[in-house]
Amino acid sequence: MKRRDFLKSTAAGAGLLILPQSMLLGAGAPSNKLNVALIGTWGRGGAHFGAISSENVVALCDINEEHLAEPAKRWPNAKTYVDWRKCLDQKGIDAVVCSTTDFTHAFVANWALNRDMHVFCEKPLGNTVEESRVVRANYLKRRNRVATQLGTQRHANPNFNRTKELIEDGVIGKVTDTYAWGNRQIPKPGYLPAQGEPPKHLHYDLWIGPVPFHPYNPEYFAGGPGANCLKWNMYWDFGSGQIGDMGSHVMDLVWNAMGGGLPTTAEAKGDPFNPEVTPVMLESHFTMPANERRGPITVNWYQGGAMPRSPRPYVDLNKIGHGAMFKGSKGYLVCDFDSRLVIPFGDDADLSYYHRRDKMLPPLGSFQKEWINACKGDLKTSVDFDYGGTMTETMLLGLVAYRVGKKIDYDGAAGRVTNSDEAKALLSKKYRDGWTLNG
Ligand SMILES: NC(=O)c1ccc[n+]([C@@H]2O[C@H](COP(=O)([O-])OP(=O)(O)OC[C@H]3O[C@@H](n4cnc5c(N)ncnc54)[C@H](O)[C@@H]3O)[C@@H](O)[C@H]2O)c1
């Protein structure tokens, strides 16, 4: 019996499992703990310490050696690395938590999947449409062997379930349009100029990794723990701005309530195009075909000052920093991460048609633990790389539409823009020599 199968059967409570003595004793004896690698060990990486501390943390990787010091003290038996490619070659790793920069997520996730490892990856899943698709497709091939989770931990807030129940149970009738927005604004003129030399403990060339080289500037590293991403995620080569950042969390409200999918069209507008920096103000609009849970809908994203129109002047949507709104045949539902507001509309919307379900959806509990349990059990998570992949792909397709400045037609099954060669070229990126997405 392979170690991975042992983990699954013990976690499933297989009390009747009879193991040969040789498997129960000795140095190589299996335990019901996962061998975990944490890649990106500071900042957001620290948010995963608690969840993985129930497991065997066997590898730690960070391009900043100072960021390795604290976790190395906590897990003295873990091997340490500055290059995630070497880390993933360590034998016996079952599961990987990736908390690195957005522009390395798809690389780490895809390489880990290629080695049949379970993966928890911080959002967004990639920095291009192609990256997101490659990782999703790789996961779909292996979904009977590995568990994945995209790091949108707000998903565990009870409001996600409450919103979904209200919509599924028809409180606003048939939903036709969905809106999500975020108000954060981090304007920047362009990539930072060269300034000084990277300190010895910082492996800057590895930080740049697959993307075109940009000179070192300490400002890229000047943010507090868990907020340093705001120092680099607005630059095209490093991130996707607020759509990939807070957009991942807010769009998750829409994906959860409506079931995801891929759009057939995308169009977007915003700040004038800057080849170095993603737009602060942006709105993107998608046509989503029907899925098994609903009819066709539109998905609409607004950021950095752009906002959807309020259904009634007495509802000031601007007071909700990050929120979502659903328009149905009988009214509107407005929500943030923790609360919701139903606005029945029209003479029909007397709510006599709405019945609160007897059994509410169960609480999700810890989002990170859901993944750890899934690795050892049925492999099912709430935001796997299929769900999270279509969400990331849609968001990033909006940026492609923004860049070409016209409505694009999209074949989601093939991952092809069918009416613009310019847009086609923007679905993927060329990487620095020596780096491959598929290693
Ligand atoms: N889920 C959430 O609520 C949430 C919150 C904050 C950040 N994030 C996400 O987490 C990720 C990290 O954000 P952050 O603010 O902690 O950023 P950060 O710049 O502080 O990076 C996190 C850690 O990863 C290390 N690192 C960077 N590139 C690496 C590489 N190639 N290999 C190994 N280590 C590397 C850094 O040195 C740092 O220790 C981002 O993708 C961000 O979107 C998610």
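**Cores, overall fold and ligand shell**

I'll start with the packing. The largest nonpolar core has 101 residues, and the members that touch the most others are A37, I39, V96, A109, V119, L333 and V400. Helix α13, residues 387-404, gives the most to this core, with 10 residues. Domain 1 (3-154) and domain 2 (157-186 + 241-360 + 386-425) both give residues to the core, so it lies between them. Apart from this core lies another, of 12 residues, including F103, Y220, W232 and W236.

Back to V400 for a moment. If we leave aside neighbours within four places in sequence, V400 is in contact with V129, I408, A423, L426 and L427.

Keep in mind that this is a predicted model.

Now the chain as a whole. The protein chain has 14 helices and 15 strands. Its radius of gyration is 22 Å, close to the 22 Å that the globule rule gives for 439 residues, so the chain is as compact as a globular protein of that length. Along the principal axes, the C-alpha atoms fill a box of roughly 75 × 60 × 40 Å. Of the 439 residues, 46% are buried. Taking contacts between residues at least 6 apart in sequence, 67% join residues at least 24 apart.

Last, the ligand. Which residues are closest to the ligand? They are G40, W42, G43, R44 and N228, out of 30 residues that surround the ligand. By type, the shell divides into 15 polar, nine nonpolar and six charged residues. Helices α6 (102-114) and α9 (204-208) each supply at least two residues of that shell.

That is what I have for today.

Note on methods. Residues numbered from 1 in each chain as written. Predicted model: local features only at pLDDT ≥ 70, side-chain atom pairs only at ≥ 80, totals over all residues. Near = placed C-beta within 6 Å. Helix = DSSP H or I, 4+ residues; strand = E, 2+ residues; numbered from the N terminus. Nonpolar A, V, L, I, M, F, W, Y, C, P; charged D, E, K, R; others polar. Core = buried A, V, L, I, M, F, W, Y, C linked by C-beta atoms within 7 Å. Buried ≥ 20, exposed ≤ 12 C-beta atoms within 10 Å, placed from the backbone. Domains from an automatic or database assignment. Contact = placed C-beta atoms within 7 Å. Rg over C-alpha atoms; globule rule 2.2 N^0.38 Å.
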